[in-house]
Amino acid sequence: MFRTNRSRTVLTILGISVGIGAILFLVSLGYGLQVLILNKITTSDALLSLDVSTGDLENIKMNWESIGDIKKISGVDKVSPLMSVQAQMNIDDISSELMINFSDSEYFKLDGTQVSSGALYSDENYDKYKIVISSAALKLFNLSEKEAFNKEIRFVVFTPTAEGDNDAIIRDYIKLDKAFRVIGIIDDDNSGYVYMPFINGQEQGLDNFSKIKVKVAHEDNLDLVRDAIIDKGFIVSALSDIIEQANQIFRVVQIVLASFGVVALIVSAIGMFNTMTIALLERTQEIGIMKALGATSADIWKMFLAESVIIGFLGGLGGIFFGMLGGELFNYMLNILAGAMGGERIDLFYTPIWFTATIITFSTVVGLMTGFYPARRAANINALVALRYK
């Protein structure tokens with residue numbers, strides 16, 4: 001049948017391929033957006049980390065004693081504190097207020113912090129006069145990224161010392177002795193801040209932490225460690241909670257996108273059902289001859305069912321080809337447009353291997369279901385009636 005009806009067979013396979021390709025294209029787009037966004041905001045260490053803070057509670061302080069208590073909790077792997085204070089940053093004759101975050105290099109790993117250019121300070125290239133700055137802070141001084149690396153930057157740190165009349169906080173100021181240089185820039189246009197090696201804060205006598213990052217040894221310890229820290233009176237949040245909420249949203253998006261592809265698949269499945277039914281009518285006499293020569297109803301059943309399964313399987317392979325090809329072409333054109341507008345190259349499509357195998361299995365099952373009724377009718381045809389059929 002495949003040899004004598006090449007055009008009809010190819011068109012039927014193409015019909016299935018279009019439906020399967022539409023599902024693959026749309027679902028891969030959903031997975032690609034998920035991977036693209038989540039990879040931007042997290043690392044493996046960040047997923048195992050907890051954010052510990054005091055919130056608005058004034059009677060609870062986070063200091064070295066608090067860190068010692070947290071380290072004693074079973075399941076805790078690493079602890080890294082952060083001290084945040086207001087400061088005045090001076091470049092040439094321009095000054096502006098922003099936030100200084102005193103942290104060690106371990107904090108970047110636990111927070112999932114990444115730079116758009118330059119590098120983060122680390123234990124290997126340690127220099128307490130190197131800083132990492134946000135792009136929003138650079139805009140305060142109208143500096144480009146290239147210019148920022150060549151500037152000497154000085155800071156005046158404001159530290160709260162006591163409460164005056166009407167609960168107004170009295171601030172003292174400390175002028176840091178030496179100039180700092182930028183070694184890394186974080187792509188963040190929303191808030192102006194600077195990351196500075198933790199030792200600078202210690203030298204100024206600061207000992208109250210704004211936040212503590214706690215990394216657990218294993219994912220199973222997250223809830224246990226979280227509960228233990230909460231029992232100590234602190235407020236705890238986890239990036240994994242946000243990731244799970246994001247994954248739930250993306251799952252809904254993937255289902256919605258897949259539903260559009262299913263519509264195309266239903267249309268192509270109807271076309272395949274029509275093809276198999278026409279084949280049944282055209283081959284009625286052939287079925288009668290085969291039965292007269294000794295073919296059983298089971299043989300006829302298997303023959304028709306095998307044809308529909310093969311068409312469904314080939315349609316799945318074609319759908320994977322067309323879906324991936326469509327994704328590559330769309331991605332290529334999008335990146336050309338992004339490059340022309342000064343954007344960066346991205347990959348919007350991601351297809352898990354398990355989903356590819358599922359697509360082939362699904363298309364084969366669709367072929368089986370579509371051919372079930374025509375195969376049943378063909379198997380039940382009376383040989384004498386079939387031989388008389390015109």
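The protein exposes about 21,300 Å², of which carbon and sulfur atoms supply 58%; accessible areas come from the Shrake-Rupley method with a 1.4 Å probe, and for residues only the protein chains shown count as cover. This is a predicted model, in which local features need pLDDT of at least 70, side-chain atom pairs count only at pLDDT 80 or more, and totals for chains, interfaces and linings use all residues. Residues are numbered from 1 along each chain as its sequence is written, and side-chain values use heavy atoms, with hydrogens and water left out.

**Overall make-up**

- The protein has 13 helices and 11 strands, taken as DSSP runs numbered from the N terminus (helices H or I, at least four residues; strands E, at least two).
- Of the 390 residues, 43% are buried (buried is under 20% relative accessible area, exposed over 50%, partly exposed in between, with a 1.4 Å probe and protein chains only).
- Among contacts (heavy atoms within 4.5 Å) with a separation of 6 or more, 80% are between residues 24 or more positions apart.

**Strand β9 and its partners**

- Strand β3 (residues 94-103) runs parallel to β9 and is joined to it by 5 bridges; two strands pair if DSSP finds at least two bridges between them.
- Within this parallel pairing, Met 99 stands opposite Tyr 193 of β9.
- Strand β5 (residues 130-134) is antiparallel to β9, with 2 bridges joining them.
- Val 132 has Tyr 195 in β9 as its bridge partner.

**Thr 54**

- Thr 54 sits in the loop that links β1 (49-53) and α3 (64-71).
- Thr 54 counts as buried because its relative accessibility is 15%.
- Leaving aside residues up to four places away in sequence, Thr 54 touches Ile 60, Met 62, Phe 234 and Ile 235.

- Ala 306 belongs to helix α11 (residues 297-340).
- Ala 306 counts as partly exposed because its relative accessibility is 37%.
- Ala 306 and Ala 375 are 69 residues apart along the chain, and their C-alpha atoms are separated by 9.3 Å.
- Helix α12 (residues 353-379) has 27 residues and should span 39 Å at 1.5 Å a residue, which agrees with the 38 Å between its end C-alpha atoms; the expected span is 1.5 Å times one less than the number of residues.
- In α12, a kink of about 40 degrees lies at Phe 372, shortly before the proline Pro 374; the bend at a residue is the angle between axes fitted to the seven residues ending there and the seven starting there.
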